Amino acid sequence: MNSITKQLTFSVTLSIEAHAIAQEYSNNISNTLKRQQVYLNTLAVYAVDNYLQCMGFETDWLSSDSRERLAIQLMNVADLEVKNLGKLECRPVLPKAEVCEIPPEVRSDRLGYVAVQFNSSLKEATILGFTTEVKAEFPLNQLQSLEDFLLYLSELEVAKSPQQKESLSLVKIGQWLDGFVDAGWQTIEHLLNPQQLGLAFKSAVSMTRGQKIDLGMQLEQISVALVVKIAEGSKGEVDILTQVYPIGHNVLPQGVKLNIHDESGESVLEVISREEDNWIQLEFSAELGEKFEIMVAYGESRQTREFEV
């Protein structure tokens, strides 16, 4: 059931089944603290698994490390596999705690971290919110809401959906040289400020177009300009230069990624913004008829554009 406090939370009854599973996986552990850790981790995953299924997401707890007996003895792990998306870490929070602790061994390969707070009798768990930030402790009052959590998972689901990928309009970039530019691609004067225009493409330009891209969610959302230049190359190839600029700021946030994927979806080039970078870029050549993807990402948010030369 739902309860409304300062923000939306979700309470899960920790049934006899929940405690039976926790007992099963902690029973043969001799160390008392480790046994308690596994017990609470199991209850936390049970609560998140219950919540996500109520919200219509498919999970696979049995394939998660938190149901692997050797893994739970060696690591402090409470992961839950969300089908076709990846792993969430479900971190238990004691009744009066003010922070959610994230162990070192689970600070990578996670979609995010969900805080699950128990009542004193361990009969109920309340899912408080989530974060994608990776650090040893995260204040509970800084968690993102469950509304944002569901939106985040939905965006990932759409981004990774094969049907969505197939429906993306293919940009016929090879026709740009003949003056036929795909809808939605603007001249860069409409996207960049005068100072940025002075940085962009100082070499001779055959055709340059750009597109605004929004990355992230709500308070963390950033807007960038994806700019693509195409020029005639040698031996029937075309030279392609792509850049990413901040919109509304002078510098990019640290960690913005620009990737080039080949036709099979493999990453062949990548650059990541550093602190105080005004822009990032990649340059490559492609043959006529060749297909490729440009992906721009920030955190777990990503946007992909498909091209054919």
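1. Buried means under 20% relative accessible area, exposed means over 50%, and partly exposed lies in between (1.4 Å probe, protein chains only). The model is predicted: local features need pLDDT of at least 70, side-chain atom pairs count only at pLDDT 80 or more, and totals for chains, interfaces and linings use all residues. Residues are numbered from 1 along each chain as its sequence is written, and side-chain values use heavy atoms, with hydrogens and water left out.

2. Helix 1 covers residues 16-26, and its buried residues are Ala-18, His-19, Ile-21, Ala-22, Tyr-25 and Ser-26. Seen down the helix axis, these buried residues fall within an arc of 155°, so they line one face of helix 1. The arc is taken from the directions from the helix axis to the C-beta atoms. An α-helix has 3.6 residues a turn, so residues three or four places apart point the same way. Helix 2 (32-54) and helix 3 (69-74) are among what covers the buried residues of helix 1. Helices (H or I, at least four residues) and strands (E, at least two) are DSSP runs, numbered from the N terminus.

3. The largest nonpolar core has 44 residues, and those with the most contacts inside it are Leu-52, Val-116, Ile-127 and Phe-149. Such a core is a set of buried Ala, Val, Leu, Ile, Met, Phe, Trp, Tyr and Cys residues joined through side-chain atoms within 4.5 Å. Two or more residues come from each of strand 2 (8-13), helix 1, helix 2, strand 3, strand 4, strand 6, strand 7 (124-131) and helix 4 (146-160). Helix 2 gives the largest share, eleven residues. Apart from this core lies another, of 28 residues, including Val-171, Ile-173, Leu-226 and Val-309.

4. Ile-127 is in contact (heavy atoms within 4.5 Å) with Thr-9, Phe-10, Val-12, Ala-47, Val-48, Tyr-51, Val-114, Ala-115, Val-116 and Leu-146, leaving aside neighbours within four places in sequence.

5. Val-82 is in strand 3 (residues 79-82) and counts as buried, at 1% relative accessibility. Not counting residues up to four places away in sequence, Val-82 touches Leu-52, Glu-58, Thr-59 and Leu-88.

6. How many salt bridges does a search of the whole structure find? There are nine, a salt bridge being a side-chain nitrogen of Lys or Arg within 4 Å of a carboxyl oxygen of Asp or Glu. One of them joins Lys-83 and Glu-58 (3.8 Å, N to O). Lys-83 lies in the loop between strand 3 and strand 4 (86-93) and Glu-58 in the loop between helix 2 and helix 3, so the pair ties together parts 25 residues apart in sequence. Lys-83 is partly exposed at 38% relative accessibility, while Glu-58 is exposed at 53%.

7. Arg-110 forms a salt bridge with Glu-89, the closest N and O atoms being 2.7 Å apart. This pair links distant parts of the chain, 21 residues apart: Arg-110 is in the loop between strand 5 (99-101) and strand 6 (112-118), and Glu-89 is in strand 4. Arg-110 is buried at 13% relative accessible area, and Glu-89 is buried at 0% relative accessibility.

8. Lys-135 and Glu-133 also meet in a salt bridge (3.7 Å, N to O). Lys-135 is partly exposed at 32% relative accessibility, and Glu-133 is partly exposed at 37%.
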